[in-house]
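Good morning, and thank you for the time. I would like to take you through one protein structure step by step.

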Amino acid sequence: MPDRHADGVPDGVGSLSQRERALTPHLEGPGFRLRPWHHNDLDSLLQHANDPEVSRGLRDRFPYPYTRDDGLAFLAGRVLAASTLNLAIEIDGQACGSVGAQPGSAERGHSAELGYWLGRAHWGQGVMTRVVALFAPWVMDELRLFRLQAEVLDFNEGSARVLLANGFSEEGTARCAVYKRGQLHDLRRFARVRSQLP
């Protein structure tokens, strides 16, 4: 069992084990960096995640209200699948969002699903477009992926623009695929692919 800090968060923070965290480089981008989550990110996580507009376009495993217990569960690695490579988006020294890829398994092990969110204070500044521009090619090389895909709820035009700006193609729409907050939504699918590994 991992060692625990005084705040109750184990050393294996987020979806990465302690060993994986040590091997994951910090990726520097214009105005941000991507790095593993740390146990002392709890306060900034709560500040940016506890927002109904942030959770609106995400899976229900990202709740609203986003409580301290939710933050502790995430940082303890109890929310995302163990294989997910998930990094904090740090701006001005504060973790204010997340980007990650969850690899498939067996015959789909060459692909992964991309997911991300960002605190509302940083919306409309092109941050997520730059984050995905840095993360997508890196994670495809790191995990040796032929395919990186993402799903976007029908109302989330901002997220669709991020993907299209980064070489993702829209492949189609699953109609009435998601029931969230009392409404049915279509789900748009995007993917970035390659036929050979470098």
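This is a predicted model: local features need pLDDT of at least 70, side-chain atom pairs count only at pLDDT 80 or more; totals for chains, interfaces and linings use all residues.

The protein chain contains six helices and eight strands. Read from the N terminus, these elements follow the order α-β-β-α-α-α-β-β-β-α-β-α-β-β. Along its principal axes, the C-alpha trace spans about 45 × 45 × 35 Å. For 198 residues, a compact globule would have a radius of gyration near 16 Å, and the protein chain has 16 Å, so the two agree.

How much of the chain is buried? Buried residues account for 44% of the 198 residues. The exposed surface comes to about 10,200 Å², of which carbon and sulfur atoms supply 48%. Let us also consider contacts between residues at least 6 apart in sequence: 61% of these join residues at least 24 apart.

Now let us turn to helix H2. Six of its eight residues are buried, so H2 is largely enclosed by the rest of the structure. The buried residues are Leu42, Ser44, Leu45, Leu46, His48 and Ala49. What do they pack against? Their partners are helix H3 (52-55), H4, strand E4 (94-103) and E5.

The next topic is the aromatic rings. A pair of such rings is described by the distance of the centres and the angle of the planes. This structure holds four aromatic pairs, and I shall discuss two of them. In the pair of Trp37 and Phe74, the ring centres are 5.2 Å apart and the planes stand at 90°; an angle over 60 degrees counts as edge-to-face, so this pair belongs to that class. Where do the two residues lie in the fold? Trp37 is in the loop between strand E2 (32-35) and helix H2 (42-49), while Phe74 is in helix H4 (residues 68-75), so the pair ties together parts that are 37 residues apart in sequence. Both residues are buried: Trp37 has a relative accessible area of 1%, and Phe74 has one of 9%.

The other pair is Phe62 and Tyr66. Their ring centres are 5.1 Å apart and their planes are at 45°, so the pair is tilted. Phe62 is buried, at 12% relative accessible area, and Tyr66 is buried as well, at 7%. Together with Trp117, Phe62 and Tyr66 form one aromatic cluster.

A ring may also face a charge. The charged end of Arg56 sits over the ring of Phe155, at 3.9 Å from the ring centre.

Finally, I come to the two loop residues. His122 is found in the loop between strand E5 (111-118) and helix H5 (127-142). Is His122 buried or exposed? Its relative accessibility is 15%, and the limit for buried is under 20%, so His122 counts as buried. Apart from neighbours within four places in sequence, His122 is in contact with His48, Ile91, Cys96 and Val127. One of these, His48, is among the buried residues of H2.

Leu145 occupies the loop between H5 and strand E6 (147-153). Leu145 is buried, at 0% relative accessibility. Not counting residues up to four places away in sequence, Leu145 touches Gly109, His110, Ser111, Ala112, Val139, Met140, Arg194 and Leu197. The C-alpha atoms of Leu145 and Val79, which are 66 residues apart along the chain, are separated by 23 Å.

Thank you for your attention.

Notes. Residues are numbered from 1 along each chain as its sequence is written. Side-chain values use heavy atoms; hydrogens and water are left out. Rings of Phe, Tyr and Trp (its six-membered ring) pair if their centres lie within 6.5 Å; planes under 30 degrees apart count as stacked, over 60 as edge-to-face and the rest as tilted. Helices (H or I, at least four residues) and strands (E, at least two) are DSSP runs, numbered from the N terminus. Buried means under 20% relative accessible area, exposed over 50%, partly exposed in between (1.4 Å probe, protein chains only). A charge sits over a ring if NZ of Lys or CZ of Arg is within 6 Å of the ring centre and within 35 degrees of the ring normal. Contact means heavy atoms within 4.5 Å. The radius of gyration is taken over C-alpha atoms; the globule rule is 2.2 Å times the number of residues to the power 0.38. Accessible areas come from the Shrake-Rupley method with a 1.4 Å probe; for residues, only the protein chains shown count as cover.
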